[in-house]
Amino acid sequence: MASDDEREATSPEMTPAQRKLFEIRMKINAGRKQTKSQVEEEHKRSQLPPGKAKKMLAAEDAPTKREPADKAKAYLNDTVMDAEGKSKKASKKEKQKAAFGWDVFNQDSLYNAYKKRLNTLPPADGASSAPKTRSSDAIEPYDPLNYGRQDKVSEEGVDRMVAELADRAAARQKFSRRRQHREGEDVDFINERNRVFNKKISRAFDKYTVEIKQNLERGTAI
């Protein structure tokens, strides 16, 4: 059944101007109802904890995504911004991933360490980043036996190299990694789990049993 407003809008007695005015009034009423509902929702969110209110607001603003039937093709629903963000995050994670085991000796790790040393090495005074061009008549035939003998190294270059090596030596002295076993430590365990258990027991009861333990080890216990 049609409402009274709809019957009034479709009434043949209304002139076009009256019908237009009636439609404007209906839009105003609809906007007033929508504003009232939004104010009520905002008031409800203001009564919630800040974290929960923020999540609710983000969920309302987030666009709805259609889940694909095949999860392997879920990337087809990603926007350009989402794809770029995922790519940057993956590349950043790959760069920050540390080498493990024997990978620290592979060519990629050694080359990355070499580039890192070049970045930390101070540049020479007056050095130009542009490559120097040499005339064709000045090019001499390459002799592998003369490697390191033709060019003279300045004193400033030697000082820079010595300073860089000293910095690396200082960094190696500061570096420390966790040792599984300390030298001189008594071996009173049979596996890693037993070692941790004995360590916890020692922290709690050594102050009471250290003398008894020493007497048992020396064979002087009464």
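Reply: The model is a predicted one, in which local features need pLDDT of at least 70 and side-chain atom pairs count only at pLDDT 80 or more, while totals for chains, interfaces and linings use all residues. Residues are numbered from 1 along each chain as its sequence is written, and side-chain values use heavy atoms, with hydrogens and water left out.

Me: With which residue does the side chain of Glu164 meet in a salt bridge?

Reply: A salt bridge is a side-chain nitrogen of Lys or Arg within 4 Å of a carboxyl oxygen of Asp or Glu. The partner of Glu164 is found at 2.9 Å, N to O. The residue in question is Arg117.

Me: How many residues apart in sequence are the parts that Arg117 and Glu164 tie together?

Reply: Helices are DSSP runs of H or I with at least four residues, strands are runs of E with at least two, and both are numbered from the N terminus. Arg117 lies in helix H5 (residues 107-120), whereas Glu164 lies in helix H6 (residues 155-174). The pair therefore ties together parts whose separation in sequence is 47 residues.

Me: Is Arg117 buried or partly exposed?

Reply: The relative accessible area of Arg117 is 32%. This value lies between the limits of 20% and 50%. Arg117 is therefore partly exposed.

Me: Which residue meets Asp188 in a salt bridge, side chain to side chain?

Reply: The two side chains meet at 3.9 Å, N to O, and the partner of Asp188 is Lys213. Asp188 lies in the loop between H6 and H7 and Lys213 in helix H7, so the pair ties together parts that are 25 residues apart in sequence. Asp188 is partly exposed, at 40%.

Me: What separates Glu192 and Arg195 in helix H7?

Reply: The side chains of Glu192 and Arg195 meet in a salt bridge at 2.6 Å, N to O. Glu192 is partly exposed at 39%, whereas Arg195 is buried at 12%. Because the two are three residues apart in helix H7, their separation is about one helical turn.

Me: How many salt bridges does a search of the whole structure find?

Reply: The pair Arg117 and Glu164 is one of them, and the pair Asp188 and Lys213 is another. Glu192 and Arg195 also form a salt bridge. The search of the whole structure finds three.

Me: What pattern does the protein chain follow along the sequence?

Reply: The protein chain has seven helices and zero strands. Read along the sequence, its pattern is α-α-α-α-α-α-α.

Me: What percentage of the residues in the protein chain are buried?

Reply: The accessible surface of the protein chain comes to about 22,000 Å², of which 56% belongs to carbon and sulfur atoms; such areas come from the Shrake-Rupley method with a 1.4 Å probe, and for residues only the protein chains shown count as cover. Of the 222 residues in the protein chain, the buried ones make up 5%.

Notes. Buried < 20%, exposed > 50% of the residue type's maximum accessible area, 1.4 Å probe, protein only.
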